[in-house]
Amino acid sequence: MARLSNIGHQCFFSLLLVITSVCQSSMAQATRPNIVLILADDLGFSDIAPYGSEIHTPALSALAEQGVSFTNYHTAASCAPTRGMLLTGVDSHRNGVPNIPETIPPEQAEHANYRGTLGHNVVTIASLLQDSGYHTYMAGKWHLGKTPDLLPFRRGFERTVTMADTGADNWEQKPYIPIYEKANWFADGEEYTLPKDFYSSRFLVDKTIAFIASNASDGQPFFAYLPFQAVHIPVQAPQEFTDKYMGVYDAGWEALRKQRRARAQELGIIPPGIAMVDASTTNDWGAYTIDEQRYHAKRMAVYAGMIDAMDHNIGRLVTFLKDTDQYENTVFIFTSDNGSEASGVDYPRALPVRISLALQDYTTDYDTLGLKGSFNTIGPSFASAAASPLSYYKFYAGEGGMRVPLIMAGKSIPQQPQLLNAFAYVTDIPATILDIANVDPPANRYGGRPIESMTGRSLLPLIHGQVERVYSETDVIGYELGGNAALFQGDYKIVLNDAPAGDNKWHLYNIVADPGETDDLSKQMPKRLQEMLDHYQEYALKNSVLPLPANYNPWRQSVYNGILSRFRLQILLAVLVLFILVLFFTAYRSRRQ
């Protein structure tokens, strides 16, 4: 009997331990924060108010005032490589997306790590969070592959509505460049037709809110990934947002670049008294006619309106979370995929430009600029101002292409404004998100298959003041995209920018004291330059960075790839017909002879 009694006590205590463990696990899951990852597209370093902009961004300003703003955060200088690293924590040359697929030459594309689509050798944070009990949602631009196995619905996201291309129109389901036959939208893995009242920023937030609301009562936390189309070309905005900035840019890009530098210094985003370089692609504002200046000023007003509209819709999401008592348990992370976009001709109203755009059913008329049917960009001169006070812009490895805003706020983040100037990199965001969610990253296997391990580091110790930096003075971070390259070590950076804006030479800068990259230290510090060059060669070898073919031009390559992708069948039929005709002609000649 005594033995049975002991067995009964043991069973009782074992059951009690199981119940306690389950309860603790349920409580831990219930208290784990929701996570909202917001990604702007082609947003420059000083394009939002907390970083020195004149653009009205109250929602983002509120997050900055309640959390942490990083002033030395870097990403890839192009969208798809950033998105691949942002979701996996793995270098772009190892996850399959070292460049956007539209510009990868065939000599590189034959290699497995240069396909331009997210490989199955990596696991997304969405998959890891979903496995740990999170709902996972995505609404926005994907650009990491459009076959069924590559869409986000198969990469860890429970509910999705996504645009799979590099960009698309913001007012209707329409491709923005002729290399696409259509704008490829998908919902939960199936082709999707946009509603008639579509405007990208409003629509994506509507979908995000609907996804969150659909499971709000079950007590599970959610991860919502919201990659906007703003401010990727075509730059378009509702009229009421553009109207707020009419007249604001009448003094031109040179004045704007200086104004933003001064404001960023006042806010502490950059050190006082730093210098700026004049980009070779920035033109003299005073050389334009009054009418030309008026047109360029409106181009930038639409751009500002598009950023304002994005912020307005972010505010709607915040309001929804507050109204549904989910705000206090939510972490917000806001950043951009790369620096400002300089594409676009200087004279968009020139006849050849108007004719080519008309073939795509676009106009560049002043009165309707930014509205449905219009095609707008800001061009290289205003793009340089959008990156103020940094050098270069999207695609280039200069600070203007790679250094962008990063704001974190909400639960798990200190509830007071602070600026952090320690170096951080895009691969750190996945590690930080997993740390916030109390999820361990997999080492080298997932789902029964080998995977690449994450290389990023959690930023939480830095945010909470436990460390001064997450990378030591000896740690190195390498980077390459389309022939433009960089390596970071401590406060220093070596950088190579290719033509046409760059000189294709390595330079050395202290990017903490000189974020504008104005003082090349190569001659003063030749030993450091050589050591960092050696580290870059090690990085390139370890990560299978491939050389570019001779005379490579990304724009020409994108046209070639686009024509081949869109008209592959027609080209094959034409070649077949030509081959048959040659056979008949050869046979005919033989018979005549």
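1. Basis. The model is predicted, so that local features need pLDDT of at least 70 and side-chain atom pairs count only at pLDDT 80 or more, while totals for chains, interfaces and linings use all residues. Residues are numbered from 1 along each chain as its sequence is written, and side-chain values use heavy atoms, with hydrogens and water left out.

2. Salt bridges overall. The search of the whole structure finds 23 salt bridges, a salt bridge being a side-chain nitrogen of Lys or Arg within 4 Å of a carboxyl oxygen of Asp or Glu. One network of salt bridges links D41, R83, K141 and D337.

3. The pair D41 and R83. The side chains of D41 and R83 meet in a salt bridge at 3.2 Å, N to O. This pair links distant parts of the chain, 42 residues apart, with D41 in the loop between β1 (34–40) and α2 (58–66) and R83 in helix α3 (residues 79–88). Helices (H or I, at least four residues) and strands (E, at least two) are DSSP runs, numbered from the N terminus. D41 counts as buried because its relative accessibility is 0%, and R83 counts as buried at 1%; here buried means under 20% relative accessible area, exposed over 50%, and partly exposed in between, with a 1.4 Å probe and protein chains only.

4. The pair D475 and R457. Between D475 and R457 there is a salt bridge whose closest N and O atoms are 2.8 Å apart. It also links distant parts of the chain, 18 residues apart: D475 is in the loop between α15 (460–463) and β15 (476–481), and R457 is in the loop between β14 (449–450) and α15. D475 is partly exposed at 22% relative accessibility, and R457 is partly exposed with a relative accessible area of 32%.

5. The pair D291 and R294. In this salt bridge the closest N and O atoms are 3.9 Å apart, and both residues lie in helix α10 (residues 290–323), three residues apart, about one turn of the helix. D291 is partly exposed, at 40% relative accessible area, and R294 is partly exposed at 41%.

6. Strand β1. Seven of the seven residues of β1 are buried, with N34, V36, I38 and A40 on one side and I35, L37 and L39 on the other. β1 pairs in the parallel sense with strand β9 (residues 330–336) over seven bridges, where two strands pair if DSSP finds at least two bridges between them; I35 stands opposite V331 in β9. Five bridges join β1 to the parallel strand β8 (residues 222–227), in which Y225 is the bridge partner of L37.
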